[in-house]
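Subject: Structure for you to look at

Hi there,

Here is the structure I promised to pass on. Could you open it alongside these notes and let me know what you think?

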Amino acid sequence: MNKADYIIEQFGRANIELTKDKAEKLVTLCDFMVEYNKNVNLTAITEFGEVVEKHFIDSVLPFTMLDISKGARFVDVGTGAGFPSLPLLICRDDLMGTLVDSLEKRCVYLRKACELLGIKAEIIHARGEELGRIRREEFDFACARAVAALPTLSEYCVPFVKVGGFFAALKSVNEEPKTAENALKELGAEFDNSVDYNLPNGDSRRLIIIKKVRQTPTKYPRSSANIKKKPL
């Protein structure tokens, strides 16, 4: 079985239908990332099967649980090596993505990856809390697959989202939405739903959906130092 057929099979195990063309793009992304990773630290996961499972399926599966309108604009805050945004943009090429990362080396990689794959995306080298003060209330949804605690992550992400939009946090099952209740109230958002699910290999995940219900006060997001010193 070639790599593209393997990806199609594994995505099928997650009930995601994938065309051969999109599977081949994911193969290209994997090969490019693994090679680039030899010189720039992007990921500790480099074995093909693990990349497919823990990066590609993990990036796409939660968004199949959401009703995302065609042509929606989203921002991926702290995208790192481009997860979840790059696999999502391959599978949903109608979406318009803005990828934000604080490390220029990663942004260079992301630009090269998008050019190689024919992905039209905006790549921005910036800290999330700084960009969030400029690009306020601009996106239909924000997403992050980051290790920061939910109250902190919400302060980074919610200000980007339009009223009526949402923030999708891709988290472990250890993350409880109620820990962010005070933060969400301050930010003009509220908990909408959470879904526990498993990757095909059995790994557990939790998708937390936060709805933007009113404009975020202009004092948020605060500086990184203040966010860390006194989380909401």
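A word on terms before the findings: buried means under 20% relative accessible area, exposed means over 50%, and partly exposed is in between, using a 1.4 Å probe and protein chains only. By that scale V108 is partly exposed, with a relative accessible area of 29%. V108 lies in helix α5, residues 104–117; helices (H or I, at least four residues) and strands (E, at least two) are DSSP runs, numbered from the N terminus. Between the C-alpha atoms of V108 and I124, 16 residues apart along the chain, the separation is 9.9 Å.

Please keep in mind that this is a predicted model, where local features need pLDDT of at least 70 and side-chain atom pairs count only at pLDDT 80 or more, while totals for chains, interfaces and linings use all residues. Residues are numbered from 1 along each chain as its sequence is written, and side-chain values use heavy atoms, with hydrogens and water left out.

Now the pocket. On a 1 Å grid over the protein atoms alone, a pocket is an open set of points where a 1.4 Å probe fits, with protein on both sides within 12 Å along at least five of seven lines; its lining residues have an atom within 4 Å of a point. The largest pocket has a volume of about 870 Å³, volume being the space filled by probe spheres set on the points, which are joined across faces, edges and corners. It is lined by 32 residues, and G78, R145, A146, V147 and A148 are the closest to its centre. Two or more lining residues come from each of α3 (48–60), β2 (96–101), α6 (128–131), α7 (150–157), β5 (161–171) and α9 (224–229).

Helix α7 gives the largest share of that lining, 3 residues. This helix is mostly covered, with 8 of its 8 residues buried; among them are L150, E155 and C157.

On to charges. A salt bridge here is a side-chain nitrogen of Lys or Arg within 4 Å of a carboxyl oxygen of Asp or Glu, and the structure holds 19 of them. One joins the side chains of E138 and R73 at 3.0 Å, N to O. That pair links distant parts of the chain, 65 residues apart: E138 is in the loop between α6 and β4 (139–144), and R73 is in strand β1, residues 73–77. R73 and E138 also belong to a salt-bridge network with E122 and R135.

Another bridge, of 3.5 Å (N to O), pairs K171 with E175, and both of these residues are buried. R206 and E176 meet at 3.7 Å, N to O. Here R206 is buried, with a relative accessible area of 9%, whereas E176 is partly exposed at 36%.

Best wishes
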